[in-house]
Each structure stands twice: as structure tokens, then as C-alpha cells.
Amino acid sequence: MIMFRAATQSLAGVVVLFAGVTLGNAAWKPDISIDRPELKFVMISRSSEQMQAFYEGRGFPADKAREVSSACFLTTGVDNLTRDTLWMDLSQWEFRDRHGRVLTHRGRDQWKQHWKQLGLKQAHISTFNWTVMPQERDLFPDEHIGSNITLVRSGNDMNPVTLTARFPLGKDKSGGPVIVKVENIQCLD
Amino acid sequence: MPRLIRLTAVLVGSALAIMVLPTPTIAADLPTGIRAMDGRVAPDFSLKDVDGNTQRLSAYRGQWVFLHFWASWCGPCRLEMPKVDAISAELTKVGMVFLLVNTSEPEDVVFSFLGDAAPDLTSALDADGLVTETWDPRGLPATFLVDPDGKIRYQALGGRPWDEPGYRTFLKRLIK
């Protein structure tokens with residue numbers, strides 16, 4: 001019963017979280033919030049328990065939902081405040097652990113392949129896909145994107161993690177880039 | 001005299017500027033977050049809805065279709081749905097079709113959610129999520145406006161306050 005209640009609370013937290021990331025005015029406080037003239041950036045670290053509860057709540061079998069603990073989930077939101085195209089391109093984001101080692105993120109395609117190998121139902125693969133950040137997005141003026149970035153765990157002593165994110169501007173990416181440096185990101189167990 | 005020359009120069013300059021500026025299009029009048037599309041043909045689909053009826057997009061040729069992709073776990077979808085419900089009550093009467101597509105959730109979840117959030121709406125069930133994948137929205141929720149010829153004319157970026165005057169006027173203007 002306690003387990004169920006904990007899972008329910010975690011699930012509710014994640015649902016509210018997704019709402020917060022995608023709507024700037026929601027009553028939701030991110031771990032990290034950076035306001036720049038060109039963009040707003042927010043991030044919150046999620047625990048494996050929270051993410052497992054979320055996916056189990058969406059009908060994932062428990063053994064499959066446990067797979068998410070192989071990565072740490074950073075729910076991330078970006079708002080384009082410019083009057084130009086602002087590029088969210090994960091190939092231009094660099095995460096490093098406390099030792100300066102570059103961390104890799106697992107993208108939608110890699111997860112999809114992984115889930116297919118494990119025999120996850122297509123409906124669940126689809127749901128999972130929509131909860132993970134796309135590799136690249138040309139954000140239009142006033143557009144927002146909010147989803148999870150999943151970092152592959154490199155060990156037990158990753159924290160704190162730092163991020164240097166470059167956001168090119170313009171349709172052809174020739175402008176900018178806007179550079180955002182984020183420190184003290186926590187990869188939660 | 002120099003003042004008159006300056007004034008003339010300003011007037012001529014303004015006239016030239018007006019001539020070289022592009023003609024304003026409807027895009028300039030679009031509410032925030034609504035993006036004009038290139039008019040590509042809308043991919044057809046056929047899905048069962050929560051009432052057991054078959055919903056085929058092409059069956060609505062001749063009418064504007066408000067095509068909305070959503071999921072109950074998505075926070076912005078939850079916030080937007082009552083607004084979709086409100087505007088649909090008004091615009092269905094004047095000929096706009098509201099076609100909702102739930103992405104990958106079981107029927108009982110969809111039924112239960114809509115009962116609370118949007119009791120007047122029904123939704124098609126994209127049980128395996130493949131129709132949504134074909135449409136490839138930029139995220140959830142996503143709304144496409146499909147014209148009477150079956151072409152995608154507009155896309156909404158994320159959730160929108162459809163019941164606000166700017167959006168309501170925009171939608172009404174389409175079906176006139």
C-alpha cells in the first residue's frame with residue numbers, strides 16, 4: 001500500500017512536471033531556471049523511481065519500466081524568445097560529469113531500437129517516444145519544447161554534471177550561437 | 001525650401017518602401033503560435049473512436065477539420081482539452097469538424113479522461129501510435145487545420161487557448 005501510494009505520488013509529480021515544462025505559467029518550480037533575452041531554459045532531475053512509476057502508470061510491464069534506470073532523466077524545457085528560428089540541436093549540447101568526462105545521451109532512435117529488442121508493445125514504444133526530446137528542433141518564435149533528455153550513466157560518481165548548450169540562430173543556423181552554461185545538474189538514482 | 005525637399009524625400013522614400021515591401025498575407029494576422037503550412041495533402045487514416053464508430057479523415061472533405069493529437073499523460077493536453085471542448089461546442093454548429101486522435105492509450109483511459117475534461121467530445125483511438133507517427137507532429141498536443149480540399153493549411157505550435165477571442169475569430173474566419 002505504501003509502495004502504491006509512493007508510486008501514485010511520483011506519477012502525479014511527473015504529470016505535473018510535464019505540464020510545468022511545457023507551460024511557463026504552471027505552478028511548478030524547476031531545479032534550474034535560466035532567463036536570457038533569447039531563450040528561457042529550465043531543467044529538473046527525475047529519479048528512476050519517478051520515471052518507472054510514470055511508465056508503469058502508462059501500462060508498461062514492470063520489468064520493461066525498470067529499463068529506464070539505465071539512464072538519468074532530465075526534464076528540460078526551452079522557450080524561443082527571439083523573432084528568429086532558434087535551434088535546439090542536441091549534437092551541440094555537451095554534458096560532462098564531475099571528472100570532465102563527456103556524457104552521452106540516448107536519443108529516441110536508440111530507445112526505439114532497445115525497446116523493439118526487448119519486445120515492448122508498439123503502443124508503449126510510441127508513448128515513450130513522445131516523452132523523449134527529439135534530436136533536433138527548429139523552434140519558431142514563441143515556440144516551446146519540453147521533454148526528457150536521457151543521459152547514459154557513467155558510474156556512481158557523476159555528480160555534479162555540467163552542460164554547455166549551443167543554440168544556433170536563423171533558418172540556416174548561421175546566426176549566434178546563444179551559449180548557455182549550466183552547472184550543478186544532478187543525475188539522480 | 002530644404003524642409004520641403006526633406007519632406008518630399010521622406011514621402012517618396014515611404015512610397016518606395018511600401019512598393020518593395022511584400023504584400024501582407026493572412027500569416028501576418030495569425031494568432032500567436034499558429035503557423036501557416038504549405039498546403040500538402042493531409043495523410044488519410046481510419047480509426048475507431050471511443051463510441052465504436054469509424055473515423056476516416058477523408059470522409060470530411062468539404063469541411064474544415066480541426067485535427068487534434070493528444071494524450072492524457074501530457075500536461076498541456078490536459079490543460080488545453082477544456083478549451084477545445086468549449087470552442088467545438090460553438091464551431092461544430094457552423095460546420096467545422098473536430099476530430100481528436102488519442103495517441104497510444106487504452107480506451108478506458110481515454111473514456112475516463114474525456115468524461116471529466118471534455119464531456120461533449122469523442123476521440124479516435126490511435127492504439128499503436130502509428131497514425132500519430134505518420135503525421136509527425138512537433139510534440140503533443142498538436143493541432144492541424146485541414147481545409148475542405150483535404151490539405152493541411154495551418155498548424156498550432158503546442159497547446160493554445162482556443163477559447164480566447166483571437167483564436168476564436170481566426171477559426172470562424174476559416175469557415176466563412
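Read along the sequence, chain B runs through the pattern α-β-β-β-β-α-β-α-β-α-β-β-α, which amounts to five helices and eight strands; helices (H or I, at least four residues) and strands (E, at least two) are DSSP runs, numbered from the N terminus. The model is a predicted one, in which local features need pLDDT of at least 70 and side-chain atom pairs count only at pLDDT 80 or more, while totals for chains, interfaces and linings use all residues. Residues are numbered from 1 along each chain as its sequence is written, and chains are lettered from A and ligands numbered from 1 in the order in which they are written.

Of the 176 residues of chain B, 35% count as buried, a residue being buried if 20 or more other C-beta atoms lie within 10 Å of its own, exposed if 12 or fewer, and partly exposed in between, with C-beta atoms placed from the backbone. Among contacts in chain B between residues at least 6 apart in sequence, 76% join residues at least 24 apart, where a contact requires that the two C-beta atoms, placed from the backbone, lie within 7 Å.

**The sheet of chain B**

Six strands of chain B form an open sheet in the order 1-8-7-4-5-6, with mixed pairing; two strands pair if DSSP finds at least two bridges between them. Strand 1 and strand 6 (124–126) of chain B are the edge strands, each pairing on one side only. Neighbouring strands of this sheet are turned by 25 degrees against each other on average, direction ignored, the axes being lines fitted to C-alpha atoms, for helices over the stretch in contact, and angles in general running from 0 to 180 degrees between N-to-C directions.

| Strands of chain B | Sense | Bridges |
|---|---|---|
| Strand 1 (residues 34–36) and strand 8 (residues 152–156) | antiparallel | three bridges |
| Strand 7 (residues 142–146) and strand 8 | antiparallel | four bridges |
| Strand 5 (residues 97–103) and strand 6 | parallel | three bridges |

B:Gln155 in strand 8 of chain B stands opposite B:Arg35 and is also the bridge partner of B:Phe144. Strand 7 and strand 8 of chain B form a hairpin with five residues between them, and B:Gly150 in the turn has a positive phi of about 80 degrees.

Helix 2 (residues 75–91) of chain B has 17 residues, which at 1.5 Å a residue should span 24 Å, and its end C-alpha atoms are 25 Å apart, which agrees; the expected span is 1.5 Å times one less than the number of residues. Helix 2 of chain B bends by about 30 degrees at B:Met81, and a proline, B:Pro82, follows within four residues, the bend being the angle between axes fitted to the seven residues ending there and the seven starting there. The buried residues of this helix include B:Cys77, B:Met81, B:Val84 and B:Leu91.

B:Glu164 is found in the loop between strand 8 and helix 5 (165–175) of chain B, and B:Glu164 counts as partly exposed because it has 13 C-beta neighbours inside 10 Å. The C-alpha atoms of B:Glu164 and B:Leu100, 64 residues apart along the chain, are separated by 20 Å.

**The contact between the chains**

The contact takes 20 residues from chain A and 23 residues from chain B. On the side of chain A that touches chain B, helix 1 of chain A gives the most, with six residues.
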